[in-house]
Amino acid sequence: MKNTIILTIFFLFQNSNVCAQDKSEINQKWTELKDQFKHKTEVVFEFTSKLQKSKKIDKKELEKTDFYASEFSKVFENKVLNKEIVSKVKQANDLLNTHLVRILVNLESDFKLKSQESIISLYDQLSTIENLILADIMRYNEVCIKQNSKVLIFKTHDKNGSPSIEF
């Protein structure tokens, strides 16, 4: 009887340790993803600041992009990780991307500004960050699947569809 109790306690302790490691791995991947989101918002603020010089880019659209970057920052900085937060982060990222694309489309008509080295560099940084974010989302989702925490998955467009941007 005493051995059975000791074995039961041992297995319970082992099981709780494994669960803690699982959550720790998910939290680590989420933190890595949040770091990329933070870097993205920093570059977006710098980018929109540089684009203020343009006479062809709508200033209200630049303000909206800054606003959505700020809102995105507030959402992903939340310390809690649950289904609702993951969904809110995705929604805020999508809103920011929508306005960022609008700015990029307008930038195409400003030949002088779009050829400046600083603008090209920021554009390249944004492209790189988006690729890193996608890679981090895939790694995060893999860990969620492996840990059977599918409710925490960060939804992306599937291979058959493509993301859509509304104008």
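Which residue does Lys 29 meet in a salt bridge? The partner is Glu 32, and the legends below begin with this pair in a predicted model.

View 1. An α-helix has 3.6 residues a turn, so residues three or four places apart point the same way. Lys 29 has a relative accessibility of 17% and therefore counts as buried. Glu 32, at 26%, counts as partly exposed.

**View 2. Glu 130 and Lys 40 form a salt bridge.** Their closest N and O atoms are 2.7 Å apart. This pair links distant parts of the chain, with Glu 130 in helix H5 (residues 117–146) and Lys 40 in helix H1, 90 residues apart. Lys 40 counts as buried because its relative accessibility is 0%. Glu 130 counts as partly exposed, with a relative accessibility of 26%. Side chains of opposite charge can pair when their charged atoms come close.

View 3. Lys 90 is partly exposed at 25% relative accessibility, and Asp 94 is partly exposed at 34%.

**View 4. Helix H2 has buried residues on one side.** Helix H2 runs over residues 59–76, which is 18 residues. At 1.5 Å a residue the helix should span 26 Å, and the C-alpha atoms at its ends are 26 Å apart, so the two values agree. Glu 61, Leu 62, Thr 65, Ala 69, Phe 72 and Phe 76 are the buried residues of this view. These residues cover an arc of only 105 degrees around the axis, which means that they lie on the same side of H2. On the other side, Lys 60, Glu 63 and Lys 74 are exposed. At the start of the helix, a side-chain oxygen of Asp 58 comes to within 3.1 Å of the backbone nitrogen of Lys 60.

**View 5. Aromatic rings pair at Phe 67 and Tyr 68, and at Phe 72 and Phe 76.** The structure holds six aromatic pairs. The ring centres of Phe 67 and Tyr 68 are 5.2 Å apart and the planes meet at 75 degrees, so this pair is edge-to-face. Phe 67 is partly exposed, with a relative accessible area of 46%, and Tyr 68 is partly exposed, with 22%. Phe 72 and Phe 76 also form an edge-to-face pair, at 5.0 Å centre to centre and with 70 degrees between the planes. These two residues are four apart in helix H2, so about one helical turn separates them. Phe 72 counts as buried at 0% relative accessibility, and Phe 76 counts as buried at 1%. Ring pairs join Phe 72 and Phe 76 with Phe 37 and Phe 154 in a cluster.

Note on methods:
Residues are numbered from 1 along each chain as its sequence is written. This is a predicted model: local features need pLDDT of at least 70, side-chain atom pairs count only at pLDDT 80 or more; totals for chains, interfaces and linings use all residues. Side-chain values use heavy atoms; hydrogens and water are left out. The expected span of a helix is 1.5 Å times one less than its number of residues. Buried means under 20% relative accessible area, exposed over 50%, partly exposed in between (1.4 Å probe, protein chains only). The arc is that of the directions from the helix axis to the C-beta atoms. A polar contact is a pair of N or O atoms within 3.5 Å; within protein, one must be able to donate a hydrogen and the other to accept it, and residues adjacent in sequence count only if both atoms are side-chain atoms. A salt bridge is a side-chain nitrogen of Lys or Arg within 4 Å of a carboxyl oxygen of Asp or Glu. Rings of Phe, Tyr and Trp (its six-membered ring) pair if their centres lie within 6.5 Å; planes under 30 degrees apart count as stacked, over 60 as edge-to-face and the rest as tilted.
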